[in-house]
Amino acid sequence: MNAAKKMPVAVKVLLVLQGFLSLGAIAGGLALLTDPSGELLGMPASAMVRMPFHSFAVPGLLLLLVFGLLPLLVLYGLWKQPQWAWSYALTPFKERHAAWSFSLYIGFGQIIWIMVQTYMWNMVSLIHVFYMSLGMLIQILTLLPEVQRYFMLDGRAERS
């Protein structure tokens with residue numbers, strides 16, 4: 001699709017950020033599934049007070065799937081731009097490759113995840129600030145005009 005088009009630096013950075021988020025979430029999710037008490041990751045026991053779960057197993061599974069495996073799929077989609085017929089039912093942006101939309105979704109999801117986590121824990125730590133910033137940076141990069149043009153379908157990049 002964009003084989004003849006040079007990949008902008010912003011797209012390359014977006015790929016790295018999606019990969020970084022994915023690897024961190026896979027490691028964190030597996031650690032929470034291995035030790036649902038959260039002790040392995042130094043999670044405070046006080047974090048459980050406002051949570052609707054009795055252990056970190058459910059958040060660990062969500063972390064693994066939503067922010068570990070899903071960003072890997074998005075990374076693949078951004079990089080290779082495969083024709084996923086199913087994916088266009090999940091995006092209102094029909095003029096761009098669906099992986100572009102999914103990148104937006106991952107950024108929004110990351111921001112929401114951190115907001116909910118800081119609310120439930122009733123605290124903000126440096127890691128929260130870092131991962132909130134990562135979600136925002138994914139959003140910013142995804143919305144850059146050169147990134148949007150790169151993911152236009154059917155040669156429509158010339159319209160911009």
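This is a predicted model: local features need pLDDT of at least 70, side-chain atom pairs count only at pLDDT 80 or more; totals for chains, interfaces and linings use all residues.
**Reading the aromatic rings and the fold**

Me: How many aromatic pairs does the structure hold?

Reply: Rings of Phe, Tyr and Trp (its six-membered ring) pair if their centres lie within 6.5 Å, and the planes count as stacked under 30 degrees apart, edge-to-face over 60, and tilted otherwise. The structure holds nine such pairs. One of them joins Phe 102 and Tyr 105 in a tilted arrangement, at 5.8 Å centre to centre and 45° between the planes. These two residues are separated by about one helical turn because they stand three residues apart in helix α3 (residues 98-121). Phe 102 is buried, at a relative accessible area of 8%, whereas Tyr 105, at 35%, is partly exposed. Tyr 150 and Phe 151 make an edge-to-face pair, at 5.0 Å centre to centre and 90° between the planes.

Me: Which residues do ring pairs link into a cluster?

Reply: The cluster consists of Tyr 76, Trp 84, Trp 86, Phe 102 and Tyr 105, so the tilted pair of Phe 102 and Tyr 105 belongs to it.

Me: Where does a charge sit over a ring?

Reply: The criterion is that NZ of Lys or CZ of Arg lies within 6 Å of the ring centre and within 35 degrees of the ring normal. Here the charged end of Arg 50 is placed over the ring of Tyr 119, 4.2 Å from its centre, and Lys 80 lies over the face of Trp 79, 4.5 Å from the ring centre.

Me: What elements does the protein chain contain?

Reply: Helices (H or I, at least four residues) and strands (E, at least two) are DSSP runs, numbered from the N terminus. The protein chain has five helices and zero strands, in the order α-α-α-α-α from the N terminus on, and its C-alpha atoms fill a box of roughly 55 × 25 × 25 Å along the principal axes.

Technical notes. Residues are numbered from 1 along each chain as its sequence is written. Side-chain values use heavy atoms; hydrogens and water are left out. Buried means under 20% relative accessible area, exposed over 50%, partly exposed in between (1.4 Å probe, protein chains only).
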